[in-house]
Amino acid sequence: MSYDSNNIFAKILRDEAPAFKVYETDQALAFMDVMPQVPGHTLVIPKDSAEGLLDVDPIILGGTICAVQTVAEAVKQAFEAPGIMIAQLNGPAAGQTVFHMHFHIMPRFEGLEFKLHARDMEDFAVLEAHAGRIRACLTHA
Ligand code: AMP
């Protein structure tokens, strides 16, 4: 399968689709997942036309994983989460639904299950509030 530049994350990168952005560098962008599996579910995507881990430019991947570390720290603080889960799916058989490479950052709590993947759209006011909490932790990092 070849990279489709009309996928939703490519449109977000080109500012052709809206996103609740929290962090950006020259190599990566982070924004809220609109169908969060837990409150604070954030995505980090590379600024590269890559479907998955196996075809992303390794230099940009390096910058992207640094962004994942930075955003994960802010998400942990913003949601006072004892645990942080990082997920990254490659291919439909692995459950990937958007074919622009991305990392999921999810705050985790003992005994709090996460919701089904890419299922229920969150209220935009809630997503904006959550993005604001994460941005505040990034500003004060
Ligand atoms: P994956 O199944 O690993 O490809 O994950 C794709 C993720 O993107 C899912 O968790 C979806 O909820 C999320 N998603 C889909 N469309 C959007 C969008 N427009 N903005 C933010 N997140 C999205």
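How far does a backbone N or O atom of V34 lie from a nitrogen atom of the ligand? The separation is 3.4 Å, which falls under the polar-contact cut-off (a pair of N or O atoms within 3.5 Å). Please keep in mind that this is a predicted model, where local features need pLDDT of at least 70, side-chain atom pairs count only at pLDDT 80 or more, and totals for chains, interfaces and linings use all residues. Residues are numbered from 1 along each chain as its sequence is written, and side-chain values use heavy atoms, leaving out hydrogens and water.

**Polar contacts and burial of the ligand**
- A polar side-chain atom of T97 is 2.7 Å from an oxygen atom of the ligand.
- For H102, a polar side-chain atom lies 2.9 Å from an oxygen atom of the ligand.
- The protein buries 92% of the 500 Å² that the ligand exposes when taken alone (Shrake-Rupley areas, 1.4 Å probe).

**The shell around the ligand**
- The ligand is surrounded by 18 residues, and D33, T97, V98, H104 and H117 are the closest (a heavy atom within 4 Å).
- By type, the shell has 11 nonpolar residues, six polar and one charged (Asp, Glu, Lys and Arg count as charged; Ala, Val, Leu, Ile, Met, Phe, Trp, Tyr, Cys and Pro as nonpolar; the others, Gly among them, as polar).
- Helix α1 gives the largest share, three residues (helices are DSSP runs of H or I, at least four residues).

**A look at G63**
- G63 belongs to helix α2, residues 58–78.
- G63 counts as buried because its relative accessibility is 16% (buried means under 20%).
- The C-alpha atoms of G63 and T25 are 8.3 Å apart, although 38 residues separate the two along the chain.

Notes. Polar contact = N/O pair within 3.5 Å; in protein donor to acceptor, adjacent residues only side chain to side chain. Helix = DSSP H or I, 4+ residues; strand = E, 2+ residues; numbered from the N terminus. Buried < 20%, exposed > 50% of the residue type's maximum accessible area, 1.4 Å probe, protein only.
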